Amino acid sequence: MCRWAAYRGTPIPLEQIVSAPGHSLIEQSHRATEAKTATNGDGFGIAWYGERPEPGLYRDVLPAWSDCNLKSLARQIRSPLFLAHVRASTGGATSRDNCHPFVHGTWSFMHNGQIAGFEKIRRPMEAALSDRLYQARHGTTDSELLFLLAIEFGLETDPAGAFAEAIRFALAESARAGVEELVRFTAAFSDGETLYAIRYSTDARAPTLYSAPTCNNQGHCLVSEPFHDTQTQWHEIPAGSIVTLKAGGMSSARFNPAQTRPVEIAAVA
């Protein structure tokens with residue numbers, strides 16, 4: 001499983017999340033404590049928002065702990081909203097196109113989790129994309145495909161509903177293919193103004209998610225596992241939740257794909 005961290009608030013250097021804290025994201029790339037494996041060395045990435053609507057993006061296939069540029073960039077770049085990710089692959093080659101975060105227009109997205117039997121349902125999931133979004137798919141991961149499906153299903157107007165529908169679509173295709181109906185999904189995504197996070201699983205093993213005010217209450221952080229900071233009070237986000245971070249603060253609501261609008265299953269010849 002991967003590790004990730006996201007921040008929204010007063011602009012800060014990325015290093016205050018990525019590399020500076022005890023048990024920072026870089027440390028978690030080789031010493032995670034709440035993941036299946038301690039090592040998350042199949043690449044990394046950061047997406048940050050600045051003076052342009054679309055986010056900047058830096059990804060590489062090196063382990064985060066060994067990239068000579070990452071710490072330097074994190075010291076120099078300041079941002080009010082950014083996503084950072086270290087990858088432990090559960091499928092898909094180790095390539096830049098498969099490293100998180102993924103970006104499309106103003107949206108950025110990163111994920112920790114899996115779709116069981118993804119290779120058996122990948123084709124009908126891709127067939128549900130419009131030509132425009134199919135051409136925007138550069139990698140081979142289930143994460144990127146869920147992100148593009150959410151855009152197809154209305155991410156810009158209904159973020160919770162769009163991801164719920166994408167998950168329902170994947171589960172419906174799993175049922176059609178006769179494979180295990182299992183989705184584990186803990187993700188963060190943003191349009192540059194609002195930061196969202198979802199923690200959900202069809203079983204009792206949703207990947208972890210925590211939140212806390214951070215950086216002397218300058219902002220709020222969402223993480224896969226807490227940093228080691230005695231002054232920060234981390235709160236575990238319950239499974240089946242969507243968290244929304246705006247300028248006015250954080251709110252949360254239940255997230256249950258079973259209660260969303262029906263999914264129209266695409267026919268594949």
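Author: Residues are numbered from 1 along each chain as its sequence is written, and side-chain values use heavy atoms, without hydrogens and water. As the model is predicted, local features need pLDDT of at least 70 and side-chain atom pairs pLDDT 80 or more, while totals for chains, interfaces and linings use all residues.

Reader: How many aromatic pairs does the structure hold?

Author: There are 13 aromatic pairs. Rings of Phe, Tyr and Trp (its six-membered ring) pair if their centres lie within 6.5 Å; planes under 30 degrees apart are stacked, over 60 edge-to-face and the rest tilted.

Reader: Why is the pair of phenylalanine 44 and tyrosine 58 called edge-to-face?

Author: Their ring centres are 5.7 Å apart and their planes stand at 65 degrees, so the pair is edge-to-face.

Reader: What makes the pair of phenylalanine 163 and phenylalanine 189 tilted?

Author: The centres lie 4.6 Å apart and the planes are at 45 degrees, so this pair counts as tilted. Phenylalanine 163 is in helix H7 and phenylalanine 189 in strand S7 (residues 183-190), so the pair ties together parts 26 residues apart in sequence. Helices (H or I, at least four residues) and strands (E, at least two) are DSSP runs, numbered from the N terminus.

Reader: Why does phenylalanine 163 count as buried?

Author: Buried means under 20% relative accessible area, exposed over 50%, partly exposed in between (1.4 Å probe, protein chains only). Phenylalanine 163 has 0% relative accessibility, so phenylalanine 163 is buried. Phenylalanine 189, also at 0%, is buried too.

Reader: Which residues do ring pairs link into a cluster?

Author: The cluster is made of Trp107, Phe109, Phe147, Phe163, Phe185, Phe189 and Tyr196.
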